[in-house]
Amino acid sequence: MKLLKAFCILAVIATLQSHAASTSAVLKPAVNPTTTTFLGYWVGMFKPDNDIVGISAGEHDAWDFENKITISIDEISNDQVKGHSVVAGNYRPFIGKMINEGKSFHFLVKEPGDDKYDGIFDFYITGNLLTGTWKANNKIRIPKRNYSLEKKIFRYNPDIRLTESNQYVNWVKNKKVSPNDPHYRSDYDISYFTTTRDLYKYNASVSILTKEQVSNLKKADLFILRNSIYARHGYSFKNQQLRAYFDREPWYIPVSTDVKNAFTAIEKKNIEILMRYEKNAKEYYDVFGRG
Amino acid sequence: MDATKSLYLTKAGYLVWYAALLWFSYLMLLITLQYVPIRTDVAFLRIKEDVVGLLHYRIAFFAHVYTGMFVLMTGMLQFPVYIRNSFPSLHRWCGRVYAYLIIIVTGPAGLIMGIYGNGGLVSRSAFCILAVLWVIFTYKGVTAAINRNITVHRIWMYRSYALTLSAISLRLWKWVIVLLLQPRPMDVYHVVSWLGWVGNLLIAELYIYYRISKRKAFINALSLTKA
């Protein structure tokens, strides 16, 4: 009887143990199908968490200090996460931990800390959405940001066209028209350095631009035609005005800070001619001179 | 009293006119200096990459650019009465430099540049006609001077210098139009390639009509009454 009792206890322990073993196997990320779907690009707006007065130009809100960000989760092993973020022309790696909280997965990852703008990402992946905050290590103008990102696949497509309702505004070059009062939004006269309808006539990634075509384009159109090549390749812009413009394009995903090697022969040729005419427009368009 | 007043006004007018000419000549000098030493990858030549490889275009371009200043300056010295009366030999020598540079060097060079001009047929025809008229007007002025026909010499030289000044007026029109309207660059170029010299020629014709023809009529009337 004692022997039987001991056998029963052993059997129960054995079953419990095997059960425990199988549960831990399910929890292991390497074999969990949901965590592999976390890998890849999460794209959306990186928004200031504090109140900050945006910039408006003409009838448009030119920029409200939001930048499009791509958070790329590159590797998950056990609870260790490796990845990087691309935002505002800044490519920063991060490492950290992932915690399974049942309904969602909690990520706490850190940037290396050797850059002025490094900080800590704290986000959750719930279903198809990555939401969270970012806190800067240093005292910077916007110390905290929040974001709600969607999973996206980046694929270079030369045929992408620019959205026609979207207008590029250079608020540095354009004249400021509102009184310099911090309680009001800065407003800019958009008549001078802005894109025109001519921009939509050409696609600089698809066909070689001729001298006749580029010689009658204004500077902003030349500038955006050239930079749209960069945007199609997923270039993350350091220039605020370019960022504000391309961030509004639904197809635009910033994935890299160096895309020079990805240009096609057509694009290289077009960049060369566009730059030449941009330089000419910059130096000669509004001065006493010929061209 | 009225006569001295108008004399002062005329003098002040001349002063402003020559000050403006000198100022714009200085700006032209700055444009010229962009091409010293000879470079084919700067300024205007940056948007002439399709023809800058042609030797005859390069010769024409640099001949035009380097002689332009001398034509502008020697031409300017021809108008003040003081120089004409006190230093007649200076007037003759500057006249020779002005006329021969236009007829032999920079006029033909301008024609070659016009043939390869930017802006298609619209601008090319404007620049070619300008170059041809420039040489013809200057030549007419020279022959009139050789024949000692001073009135005719003055008339043709006014027309010649009006076209010489198109170097300045074209660039000035461009600046004004861009400032006011901000049009597309090639649209501006089409406009100023014509406006730059046709406007000057109209002003010259008006000047000739009122200053010379009217005076001639006055002198004729005077001689008629005497007779």
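In this predicted model, a salt bridge links the side chains of Asp41(B) and Arg39(B), with an N to O distance of 3.2 Å. Asp41(B) is partly exposed, at a relative accessible area of 48%. Arg39(B) is also partly exposed, at 39% relative accessibility. Elsewhere, salt bridges with shared partners connect Asp198(A), Lys201(A), Arg184(B) and Asp187(B) in one network. Over all chains, the structure holds 14 salt bridges.

One of these pairs is Glu164(A) with Arg197(A), whose closest N and O atoms lie 2.6 Å apart. This pair links distant parts of the chain, 33 residues apart. Glu164(A) sits in the loop between strands E10 (144–152) and E11 (186–188) of chain A. Arg197(A) occupies the loop between E11 and helix H3 (211–215) of chain A. Glu164(A) is partly exposed, at 42% relative accessibility. Arg197(A) is exposed, with a relative accessible area of 57%.

A further salt bridge forms between Asp50(B) and Lys211(A), with 3.0 Å between the closest N and O atoms. Asp50(B) lies in the loop between H1 and helix H2 (55–76) of chain B and Lys211(A) in helix H3 of chain A, so this pair joins two chains. Asp50(B) is partly exposed, at 48% relative accessibility. Lys211(A) is buried, with a relative accessible area of 12%.

Asp221(A), in helix H4 (residues 219–232) of chain A, is buried but has no salt bridge. The nearest side chain of opposite charge, Arg184(B), is 6.5 Å away. A salt bridge requires a side-chain nitrogen of Lys or Arg within 4 Å of a carboxyl oxygen of Asp or Glu. Leaving aside residues up to four places away in sequence, Asp221(A) touches Thr195(A), Thr196(A), Asp198(A) and Leu199(A).

Arg159(B) belongs to helix H6 of chain B. Arg159(B) is buried, at a relative accessible area of 14%. Beyond residues up to four places away in sequence, Arg159(B) touches Phe137(B), Leu201(B), Glu205(B) and Ile208(B). The C-alpha atoms of Arg159(B) and Asn200(B) are 8.5 Å apart, although 41 residues separate the two along the chain.

The largest pocket has a volume of about 1,200 Å³. Its lining comprises 32 residues, of which Tyr14(B), Trp17(B), Tyr18(B), Leu21(B) and Tyr207(B) are closest to the pocket centre. Helices H1 (2–33), H3 (81–86), H6 (150–164), H7 (166–181) and H8 (185–226) of chain B each contribute at least two lining residues. H1(B) gives the largest share, eleven residues. By class, the lining has 22 nonpolar, five polar and five charged residues.

Notes
Residues numbered from 1 in each chain as written. Chains lettered and ligands numbered in written order. Predicted model: local features only at pLDDT ≥ 70, side-chain atom pairs only at ≥ 80, totals over all residues. Heavy atoms only, no water. Helix = DSSP H or I, 4+ residues; strand = E, 2+ residues; numbered from the N terminus. Buried < 20%, exposed > 50% of the residue type's maximum accessible area, 1.4 Å probe, protein only. Lys, Arg positive; Asp, Glu negative; His and termini not counted. Contact = heavy atoms within 4.5 Å. 1 Å grid on protein atoms, 1.4 Å probe; cavity = no way out; pocket = protein on both sides within 12 Å on 5 of 7 lines; lining within 4 Å. Points joined across faces, edges and corners; volume = space filled by probe spheres on them. Nonpolar A, V, L, I, M, F, W, Y, C, P; charged D, E, K, R; others polar.
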